[in-house]
Amino acid sequence: MNIALVDTHGCHGLITSRTLLRTLARTCANPGVAICGNCFAARRSSSSKGSVFPCECSTTDITVTQTATNSAENGYPQYHRLLPCPSFKEPPRVEHLVVLEEGPVMEYISKSLDLPPLYVADLIHFGAVHYALVCPQPPPTATPEQIRLFKKFTEPTFLKGRKSIKGKTMGEAQKTFRITHIDDFVEVGMYLRVYVHPKRFPRCYEIDWKSRIIAVTESYVVLDKPAGTSVGGTTNNIEETCVTFATRALGLTSPLWTTHQIDNCTEGCVILARTKEYCSIFHRKIREKKVMKLYLALAAAPVPMGIITHYMRPINLAPRIVSKDCIDGWNLCQLEVLECREVSWPVADIEAKYCIEDCGWPSKKKAYECKINLLTGRTHQIRAQLADCGAPLVGDSIYMPAAVAEMANPGSNPFGRSKKEYTSEEDKEIAVAEWIALHGKEPALAIGLQAYEISWDSGEHSYNAGTPWWKQELL
């Protein structure tokens with residue numbers, strides 16, 4: 001029996017029944033989980049030094065109702081509502097619960113985590129609460145008491161009494177889904193994951209969204225996406241998105257659909273479908289390579305013309321690691337540099353306006369604007385490939401620090417042009433871990449990348465984005 005934490009799928013606009021039986025999942029889980037009493041204690045992200053959050057609920061017996069504690073006593077802020085959106089980034093806080101008392105989900109979470117009911121309602125509206133019918137297996141670091149609790153809720157005699165999982169495999173019962181209604185009913189033994197501090201996008205509230213609409217047709221809308229926004233949402237925030245705000249700006253009665261993604265820190269052309277049917281049609285065009293995407297990239301160094309080929313490590317985590325060498329199982333990445341011209345580095349006022357971070361690049365007099373035809377569409381592809389060529393994008397706080405480190409100490413990149421020979425796989429694994437650690441954090445707002453043109457059906461439909469942010473001072 002394979003007891004996995006979660007599976008990841010995607011579909012928009014699911015409705016939840018009272019028993020929470022679903023066929024599609026929407027999100028991925030945080031794998032850094034440990035069962036703590038009757039709940040799970042989630043590990044902080046690397047920016048929080050990997051410490052473990054204190055568990056906010058405790059029990060002397062798993063059949064006893066949890067006793068809520070005061071958030072302030074545990075160092076958390078007082079909670080009210082998710083809006084207005086804070087201008088500062090809150091530290092991550094993820095709570096993992098095993099349900100001990102059946103009832104409406106909003107009431108249960110509010111009582112268990114000592115959160116105001118309206119705040120929990122906001123979290124559910126944002127898509128920040130997830131569930132699985134059966135709790136996941138504890139990690140190897142779990143204590144005997146934590147393992148006992150897990151076994152209690154997954155032993156066959158207990159599971160046989162739960163009608164909601166009848167006919168499901170353990171893997172199916174442990175898939176995660178979004179809670180979509182505050183009165184969804186939760187059963188004893190179910191697993192809840194609550195993103196108490198969802199990822200926020202304050203930029204959404206600063207944009208004149210009508211001015212970002214490039215075209216509106218019966219089938220689709222073309223949006224000039226602003227940097228610092230999410231096209232269709234994140235694991236814990238499906239409210240502060242381009243889809244939501246563009247729908248409202250146009251006064252549409254039906255929500256728009258996401259057809260493709262570009263990074264949060266990238267600006268430019270995005271196609272949003274007006275119907276589910278056209279969303280499927282556009283997906284098919286992408287699969288059949290009938291959609292052409294051209295990008296403007298502002299690189300810190302010149303980039304060679306022509307086709308650049310790399311292979312990307314098939315791990316769905318940033319940073320994306322690429323190699324010029326063909327490695328078995330790694331994904332092909334190709335782009336074509338059509339133009340590369342020298343331009344001025346953005347002035348300080350523009351860098352400040354778009355939160356461009358100082359990533360340690362030694363010279364900031366000249367930059368290089370490149371026109372790129374994206375031949376394969378891997379996540380972070382342009383960013384990772386150009387950084388490996390020694391020409392990271394301006395403001396790319398993930399990939400530029402590593403490129404700077406490789407310049408200062410050739411051979412730091414175990415997959416780079418100056419890679420070293422390793423005597424054992426263990427030594428290479430250590431080098432890979434050290435290389436990943438040289439990469440930085442997610443950009444605060446923008447990087448030097450714009451999806452400036454999108455076309456399909458041999459150019460029958462073609463659209464261009466506006467002036468990129470780094471040229472704004474020229475207007």
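Q: In this predicted model, is Cys-355 buried, partly exposed or exposed?
A: The relative accessible area of Cys-355 in this predicted model is 37%.

Q: Is Cys-135 buried or exposed, and how many disulfides does a search of the whole structure find?
A: Cys-135 has a relative accessible area of 1%, and so it is buried. A disulfide would need a pair of cysteine sulfur atoms within 2.5 Å, and the number that a search of the whole structure finds is zero.

Q: Which residues of helix α2 are buried, and what covers them?
A: Helix α2 spans residues 117-126, and seven of its ten residues are buried, so the helix is largely enclosed by the rest of the structure. The buried residues are Tyr-119, Val-120, Ala-121, Asp-122, Leu-123, Ile-124 and Phe-126. What covers them includes α1 (105-113), β5 (129-132) and β8 (191-195).

Q: Against which elements do the buried residues of α1 pack?
A: Seven of the nine residues of α1 are buried, which leaves the helix mostly covered. Among these buried residues are Val-105, Met-106, Tyr-108 and Ile-109. The elements they pack against are β3 (94-98), β4 (103-104), α2, β5, β7 (185-186) and β8.

Q: Which residues of β3 lie on each of its two faces, and which residue in β8 stands opposite Glu-95?
A: In a regular strand the side chains alternate between the two faces of the sheet. In β3, Val-94, His-96 and Val-98 lie on one side and Glu-95 and Leu-97 on the other, and both faces are covered, as these residues are all buried. Strand β3 pairs with β8 in the antiparallel sense over five bridges, and the β8 residue that stands opposite Glu-95 is Val-194.

Q: Which strands are joined to β17 by bridges, and what is the bridge partner of Glu-336 in β17?
A: Seven of the nine residues of β17 (residues 366-374) are buried, so this strand is largely enclosed by the rest of the structure. Six bridges join it to β13 (residues 291-299), which runs antiparallel to it, and nine bridges join it to β16 (residues 331-344), again in the antiparallel sense. Leu-296 stands opposite Lys-371 in β17, while the bridge partner of Glu-336 is Asn-373.

Q: Which residues touch the most other members of the largest nonpolar core, and which element gives the largest share of this core?
A: The largest nonpolar core has 57 residues, of which Ile-372, Ile-382 and Leu-386 touch the most other members. The elements that give two or more residues to this core include β10, α6, β16 and β17. The largest share, six residues, comes from β13.

Q: Where is Val-231 placed, and how far apart in space are Val-231 and Val-243, C-alpha to C-alpha?
A: Val-231 lies in the loop between β10 (220-225) and α6 (242-250), and because its relative accessibility is 1%, it counts as buried. Leaving aside neighbours within four places in sequence, its contacts include Lys-225, Val-243, Ile-262 and Leu-272. Val-231 and Val-243 are twelve residues apart in sequence, and their C-alpha to C-alpha separation in space is 6.2 Å.

Q: Which parts of the chain does the salt bridge between Glu-101 and Lys-111 link?
A: The side chains of Glu-101 and Lys-111 meet in a salt bridge with an N to O distance of 3.9 Å. Glu-101 is partly exposed, with a relative accessible area of 32%, and Lys-111 is also partly exposed, at 43%. The pair, ten residues apart, links the loop between β3 and β4, which holds Glu-101, to the element that holds Lys-111, helix α1.

Q: With which residue does Asp-224 form a salt bridge?
A: Asp-224 counts as buried, at 10% relative accessibility. The closest N and O atoms of its salt bridge are 3.4 Å apart, and the partner is Arg-212.

Technical notes:
Residues are numbered from 1 along each chain as its sequence is written. This is a predicted model: local features need pLDDT of at least 70, side-chain atom pairs count only at pLDDT 80 or more; totals for chains, interfaces and linings use all residues. Side-chain values use heavy atoms; hydrogens and water are left out. Buried means under 20% relative accessible area, exposed over 50%, partly exposed in between (1.4 Å probe, protein chains only). Helices (H or I, at least four residues) and strands (E, at least two) are DSSP runs, numbered from the N terminus. Contact means heavy atoms within 4.5 Å. Two strands pair if DSSP finds at least two bridges between them. A nonpolar core is a set of buried Ala, Val, Leu, Ile, Met, Phe, Trp, Tyr and Cys residues joined through side-chain atoms within 4.5 Å. A salt bridge is a side-chain nitrogen of Lys or Arg within 4 Å of a carboxyl oxygen of Asp or Glu.
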